[in-house]
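Subject: Structure for you to look at

Hello,

Here is the structure I said I would pass on. Please open it alongside this message.

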Amino acid sequence: MEKSIFEKIADREIPGYIVWEDEEFMAFLDINPLARGHTLVIPKTNIGDYIFEIEKAQYLRLMTA
């Protein structure tokens, strides 16, 4: 299965303006921002297409990040 664009950014295969990261998550500026500073926060691992299928503990850590 081909990597998503988010996985490629997390693996640094394609460039992204990374503003923060830790061992589990990464935050970077959106390429098509809705407002100045629009930032996306993603898990570094592929969790699939539906965010609510992740474990509750990981979801809470993502929202805290």
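The model is predicted, so local features are given only at pLDDT of at least 70 and side-chain atom pairs only at pLDDT 80 or more, while totals for chains, interfaces and linings use all residues. Numbering starts from 1 along each chain as its sequence is written, and side-chain values use heavy atoms, with hydrogens and water left out.

The sheet

Three strands make an open sheet in the order E1-E2-E3, with antiparallel pairing. Strands are DSSP runs (E, at least two residues), as are helices (H or I, at least four), and both are numbered from the N terminus. Two strands pair if DSSP finds at least two bridges between them. E1 (18-21) and E3 (39-43) are the edge strands; each has a single partner strand, so one side of each has no neighbour in the sheet. On average, neighbouring strands are turned by 20° against each other, direction ignored. For such angles, axes are lines fitted to C-alpha atoms, for helices over the stretch in contact, and the angles run from 0 to 180 degrees between N-to-C directions.

E1 and E2 form a hairpin with 3 residues between them, and 3 bridges join these antiparallel strands. Ile18 has Phe28 as its bridge partner in E2, and Trp20 stands opposite Ala27.

Leu29, in strand E2, counts as partly exposed at 33% relative accessibility.

Leu29 also belongs to a nonpolar surface patch with Tyr17, Val19, Trp20 and Val41, with about 450 Å² of accessible area together. Patch residues have over 30% relative accessible area and no salt bridge; nonpolar side chains (Val, Leu, Ile, Met, Phe, Trp, Tyr) are joined within 5 Å, and like charges within 9 Å. A salt bridge is a side-chain nitrogen of Lys or Arg within 4 Å of a carboxyl oxygen of Asp or Glu. The areas come from the Shrake-Rupley method with a 1.4 Å probe, and for residues only the protein chains shown count as cover.

Leu40 sits in strand E3 and is partly exposed, at 23%. Beyond its neighbours within four places in sequence, Leu40 is in contact (heavy atoms within 4.5 Å) with Phe6, Met26, Ala27, Phe28 and Asp30.

Helix H2 (residues 56-64) lies across E2 and E3, at about 155° to E3. Arg12, in the loop between helix H1 (5-10) and E1, has a positive phi of about 60° although it is not a glycine.

Regards

Definitions and conventions. Buried < 20%, exposed > 50% of the residue type's maximum accessible area, 1.4 Å probe, protein only.
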